[in-house]
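Today I looked up how two chains meet. My notes follow the display.

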Amino acid sequence: MQSNIPVPDLDPVSLPAPVWLLKALLLLTFFLHVIPMNLALGGGFVAAVTDWIGRRRNSEYHLSLARSLARILPIVIAFTITLGVAPLLFIQVLYGQFFYTSSVLLAWPWLSVIVLLILSYYGFYLYSFRWEQLQGKRLVIVLASAVLFAAIGFLYTNNLVLMLTPEKWAAMYFQNPHGMHLNFSDPTVVPRYLHFLTASFAVAGLLVAVLGLLKRRNDSAYGRWAIRYGLLWFVIATLLQLVVGSWFLLSLPNAVRAIFMGADAFATAVFALALVCSFASLVMMVIGFVSSNPSWKLITGIVLIALTIICMVIVRDIVRGAYLERYFDVSKFSVEPQTGVIVLFFLLLVGGLGVIGYMIRKVVAAR
Amino acid sequence: MNYPIWDVPMIGGGLLIGIISIIHTYVSQFAIGGSLFLVLTERKAYRENDAGMLEYVKRHSRFFLLLTVVFGAITGVGIWFTIGLVHPSATSALIHIFVWGWAIEWITFLVEVASAFVYYYAWDRLDRQTHLRVGWIYFWAAWLSLAIINGILAFMLTPGQWIATRSFWQAFFNPTYSPSLVLRTAVCLALAGLYALLTASRLKQEELRVKLVKYASRWLAPAFFVLPIAGIWYISQIPPLAREISMGGAAAVTIFAGLTILFSIIIFAFVYLGPYREPGKFPFSFSVMFLFMGLLVTGDTEWVREAVRKPYIIYDYMYSNAFLVAHRDQYLREGSLASAKWVLTKEIGDANMMAAGRDIFDLQCQSCHTIDGYNAIRPMVKGWPEDYIDHQLENLQTLKGFMPPFLGTPKERRALARWLASLNGNEATGNIYIGEPSPGSRDLTQGDRDAK
């Protein structure tokens with residue numbers, strides 16, 4: 001079996017765009033997806049914990065913050081899904097032969113994502129729309145929704161790691177063709193997942209801090225408190241990330257890790273830049289935490305985190321490339337760009353964003 | 001062939017796609033019609049200065065928000081997940097042909113979701129004119145996503161010139177694109193009307209209820225006039241074989257196609273006689289029944305649409321079992337096992353006929369048949385001896401026009417026939433397969449075990 005690893009052939013239909021364009025859109029839309037995804041994933045837990053503290057200590061601040069998060073979460077999830085559709089599209093066109101195969105092996109758990117998502121999402125709406133009526137029960141609902149949402153992330157990690165390891169497929173398939181597998185045997189799955197989960201707490205903490213920044217105009221004491229509370233989440237999660245991130249790095253196959261340790265100059269540079277940015281943002285946030293006027297430190301920190309995420313999205317792509325090196329040869333694609341449709345896509349994208357901008361402007365102006 | 005086959009015992013992958021896509025189609029067509037219903041009814045409320053009606057629209061908008069951004073959106077992604085699992089080759093082909101179509105649909109999806117939120121959350125914040133404009137954006141974005149996905153769906157039945165030219169535009173604006181879009185749009189409006197009947201009939205205030213029930217019933221009128229005409233137009237554009245299957249060629253499909261028409265007529269007749277003529281006496285329970293019948297018609301129609309596409313998944317390009325039409329001679333010459341990546345049997349000898357037969361079943365038949373569940377094969381070959389099965393397989397495409405031809409060598413056909421005969425214990429000849437002891441080998445009785 002080892003000598004004959006079954007990897008599906010490339011689709012006989014030509015690629016409708018150059019690889020670089022599809023790759024760029026894959027990475028760009030993945031970046032856009034990851035931001036609301038982090039807010040939703042971490043935000044659910046932050047809301048649950050904050051609400052719980054608020055009810056226990058009868059703290060007006062905590063309850064008010066949880067209420068704000070409850071209002072935001074459904075919208076954030078909607079954009080997680082909407083912006084997630086695009087990378088799901090582009091990954092299929094570039095990496096379909098890997099993605100479909102690993103999906104089939106995990107078919108039932110993979111398909112359960114849909115059910116988990118519907119349940120989790122309606123739970124978040126319930127939390128938002130029935131805040132008053134539910135009282136204590138809403139803690140159970142928001143926590144259950146957050147856990148279901150986190151489970152979805154875990155299934156994604158399972159599939160997207162299995163997709164990178166074709167050498168495992170045949171044994172799994174011939175042992176059980178019913179799509180009942182998970183990918184626990186891979187040592188990178190758990191640390192990779194925790195790496196994402198930990199990051200989401202940090203990013204959700206930033207959302208809280210930004211809410212505080214906005215609320216500061218009306219209620220400076222509350223705003224100040226929310227900023228510090230949010231930054232506390234960020235700082236703790238980022239410190240925890242030092243451990244989780246290192247674990248993930250160590251769990252990678254030696255050959256893959258080596259790329260970021262000097263074997264490849266570009267990969268090492270991007271990875272180093274990500275580390276520098278995240279450390280710098282940590283420093284900024286700590287200063288912001290103690291500062292009496294944290295606005296610009298917070299904003300600088302957020303820009304640095306955005307840079308970190310961009311670098312990490314690129315690092316992730318390099319990891320994928322390293323795993324698939326033996327199986328994926330870009331030069332084998334036959335490319336026949338559908339130029340007219342591509343141009344139309346970009347025109348409509350500008351138009352669509354314009355329409356969304358118009359609506360947002362109207363809403364903001366009506367305040 | 002290229003991809004591992006997901007073995008779904010009892011229900012089979014095809015039915016799974018059917019279940020999810022019928023739910024999605026129903027809900028999303030409903031949501032598209034609903035968005036137009038919202039904005040037009042809002043406008044009507046402003047024009048007639050009817051506060052009660054405006055309140056009614058507002059309450060609706062939350063429901064449509066939840067329906068659009070949660071259920072519609074996620075079940076839509078669900079179809080993608082499911083077709084990728086059940087038909088990876090066909091999904092891959094569609095993605096390669098239409099990735100930019102889908103990318104454009106994604107833009108409309110973004111706009112639709114954003115406008116649904118603004119429409120719902122900014123009711124009291126925006127001035128009337130701007131709010132109405134957002135409502136129109138919501139509707140047009142929703143409808144455009146239908147107009148795009150319709151091209152891809154219609155393509156699967158009528159790829160038209162694409163087969164020769166491989167042109168995106170010819171694939172998209174294929175022969176059934178226009179009639180199909182007209183049909184679906186009319187259905188969207190009718191479903192919105194059915195839903196509005198449900199909510200309107202529950203209103204407490206008599207005057208408003210009568211007015212809205214009557215108004216809602218009018219939403220079925222376009223469908224009443226358009227469906228027969230566009231239906232004939234659609235049928236005139238589908239491949240002759242598909243027409244034949246739906247009109248007598250395959251009994252089940254013909255019955256279902258007939259039921260679609262019958263149920264539609266019943267809905268129209270009852271809506272006309274009930275809520276339209278006597279809006280004051282229209283009970284809530286009837287509206288539930290209408291809505292349920294709407295679901296039946298949707299499910300039934302989508303099922304027929306899928307069924308008439310047989311024996312292809314993408315007409316003239318790919319058979320239902322993912323074998324490419326263009327490679328037909330190669331399969332006949334070299335066999336199907338040779339190019340299959342996910343089977344353990346590569347060469348057929350006397351010792352492994354049964355194992356090979358099961359593998360060939362997985363490759364060629366399993367996309368439509370289960371062993372004992374939906375479209376089960378075991379009862380179909382009951383009492384058939386091996387030779388007879390072999391003869392049937394050899395002439396499959398002429399005996400059963402809606403099935404793909406058997407695509408393999410005579411030896412492969414014989415192996416499949418033997419395995420099929422063994423399902424009912426008709427093992428005429430010896431060569432009983434004894435499983436290989438290697439950990440990778442598949443248990444031959446798997447199918448039987450799963451069934452129990």
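The model is predicted, and across the interface of chain B and chain A I find 15 residue pairs in polar contact, both residues at pLDDT 80 or more.

Next I listed what chain B brings to this side. The elements giving two or more residues are α2, α3 (88-121), α4 (128-157), α6 (168-172) and α19 (446-451) of chain B. Of these, α3(B) gives the most, with 25 residues. By class, I get 49 nonpolar, 14 polar and 8 charged residues on the side of chain B that touches chain A.

Then I checked salt bridges. The count between chain B and chain A is 1. Lys341(B) pairs with Asp9(A), and their closest N and O atoms are 3.2 Å apart.

I turned to extent. I see 71 residues of chain B in contact with 75 residues of chain A. The two chains bury about 6,900 Å² between them, and 78% of that lies on carbon and sulfur atoms. Which residues of chain B lose the most area to chain A? They are His96(B), Trp100(B) and Trp342(B), together 13% of what that side buries.

Last, I looked at one helix pair. Helix α3 of chain A (residues 107-129) packs against helix α2 of chain B (residues 51-86) at an angle of about 170°, with the axes 9 Å apart. Angles over 145 degrees count as roughly antiparallel, so I log α3(A) as roughly antiparallel to α2(B). The residues of this contact divide into 20 nonpolar, 3 polar and 1 charged.

Notes: Residues numbered from 1 in each chain as written. Chains lettered and ligands numbered in written order. Predicted model: local features only at pLDDT ≥ 70, side-chain atom pairs only at ≥ 80, totals over all residues. Heavy atoms only, no water. Axes fitted to C-alpha atoms, helices over the stretch in contact; angles between N-to-C directions. Helix = DSSP H or I, 4+ residues; strand = E, 2+ residues; numbered from the N terminus. Parallel < 35°, antiparallel > 145°, perpendicular 65-115°, else oblique. Nonpolar A, V, L, I, M, F, W, Y, C, P; charged D, E, K, R; others polar. Contact = heavy atoms within 4.5 Å. Buried area = accessible area lost by both parts, 1.4 Å probe. Salt bridge = Lys/Arg side-chain N within 4 Å of Asp/Glu carboxyl O. Polar contact = N/O pair within 3.5 Å; in protein donor to acceptor, adjacent residues only side chain to side chain.
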